[in-house]
Amino acid sequence: MTQERSLVQIALFAALIAALGLIPPLALGFGVPITAQSLGIMLCGTVLGARRGGLAALLFIALVALGLPLLSGGRGGLGLFVSPTVGFLIGFPVAAFVTGYVMERLANLQAVLAAGVAAVVGGVFVLYAFGIVGMSVALDKTLVEAALLVTAFIPGDLVKAALAALITAAVYRARPDSVLSRA
Amino acid sequence: MISLTSPVKTRAHDWPAGAKLGALCVASVVLFMTPYLGFQLAAAACVLTLYALPGQIFFRHGLQRLRPLWFFVLVIFTWHLVTGAALQGAMIACRMLTAVALANLVTMTTTLAAMMAVVRALLRPLARFGVNLRAIELATAMVIRFTPVLTEKGAALSMAWRARARRRPGWRVIVPFMVLALDDADNVAQALRARGGTEMERKQ
């Protein structure tokens, strides 16, 4: 593994998170359109592993902070870092890191199962923990009240975690050497 | 790629980016530490004036960028009407709008190059601890270059899907998309290595 390869993979996955937010929403099984951005965060972890996946997500939010419109819907800039959804944004790198970490720990499990567990732990639990704290600060609510405000979105993200598992397994079949969390 | 800097030139475009960011930090902390409706309304009026000064286009564009927040304003108001603390709700909603508007103002009046210069200055001390600044700059440039490339490839995959199926592209289209990105990464990494890699600065 060369240093260049790691660097390029981090950069390309940061671009991939952005691209997943910019391409037209994909239809889920039951016709609900989703933006695939948080799916991108999970995939960073399950494919690149903890360190590189976390760095890719970190690079992504750093560029959003600098003013590039990379978030879904062409949003970006410093305003997002004081808005009620700030926790989710700051949680992106941690979520990707934890997803990758869990994925690496579960090396003995089948790829699809390991990725599913990792995506739920990192991409849902960890991400929502950050999201809820951020919302409670920005809107001056208790943690329980803030949690109530976001529960509606949890089922959708659980579906995304399942999709992340299927996608990771398929990518692993296609390019076993490139899935660094397993290499 | 288009950045979110406003094309309407304002005087604030020429102010040093570091000073603007510092002032923004202080202002945000003050906003969040002063939970009084009167103060928040005054602050909102000040920010509104700042938006109005460069003219109508800037003003309208700036307000447009607050649109995703109206959902939260609605939620907060309903919540506080139900709990019977409408004034507190007004304070929280007002504070949120002012804080975001102020931060957007800095983004709108600071070019990407100026922001990068601040980041570079902040990261420089880390170089001593072995952080490869050139690698970070290279990665940044690659993200900016590859986001439109990957978006285009993703759109092409979606179109290919549509040519074959009647339904909208589903999640399966992401698999070839990821494989494409991984292959691209290998090719770019080889090209980068052939051109001196990330160590150029040290060899000079």
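Okay, let's start with chain B: the centres of its domain 1 and domain 2, taken over C-alpha atoms, are 35 Å apart. Those two domains cover 11–122 for domain 1 and 132–203 for domain 2. Keep in mind that this is a predicted model.

Now on to helix packing, and I've got two pairs for you. As a reminder, we describe two packed helices by the angle between their axes and the distance between those axes.

Pair one sits in chain A. Helix α2, residues 37–48, packs on helix α4, residues 86–105, at about 35°, and the axes are 7 Å apart. The handedness of that crossing is right-handed. So who touches whom? On the α2(A) side you've got A:Ile41, A:Met42, A:Cys44, A:Gly45, A:Thr46 and A:Leu48, and they meet a set in α4(A) that includes A:Phe92, A:Ala95, A:Phe97 and A:Met103. Sort the contact residues by type and you get 9 nonpolar, 4 polar and no charged.

Pair two goes between chains. Here helix α7 of chain A, residues 154–174, packs against helix α8 of chain B, residues 174–194, with an angle of about 50° and 9 Å between the axes. Angles under 35 degrees would count as roughly parallel, and roughly perpendicular begins at 65, so α7(A) and α8(B) come out as oblique to each other. This crossing is right-handed.

And which residues meet there? From α7(A) it's A:Ile167, A:Ala170, A:Val171 and A:Ala174, facing B:Ile174, B:Val175, B:Met178 and B:Val179 in α8(B). That contact divides into 8 nonpolar residues, with no polar and no charged ones.

Okay, that's my bit.

How values were computed
Residues numbered from 1 in each chain as written. Chains lettered and ligands numbered in written order. Predicted model: local features only at pLDDT ≥ 70, side-chain atom pairs only at ≥ 80, totals over all residues. Axes fitted to C-alpha atoms, helices over the stretch in contact; angles between N-to-C directions. Helix = DSSP H or I, 4+ residues; strand = E, 2+ residues; numbered from the N terminus. Left-handed = near helix turned anticlockwise from the far one by under 90°. Contact = placed C-beta atoms within 7 Å. Nonpolar A, V, L, I, M, F, W, Y, C, P; charged D, E, K, R; others polar. Domains from an automatic or database assignment. Parallel < 35°, antiparallel > 145°, perpendicular 65-115°, else oblique.
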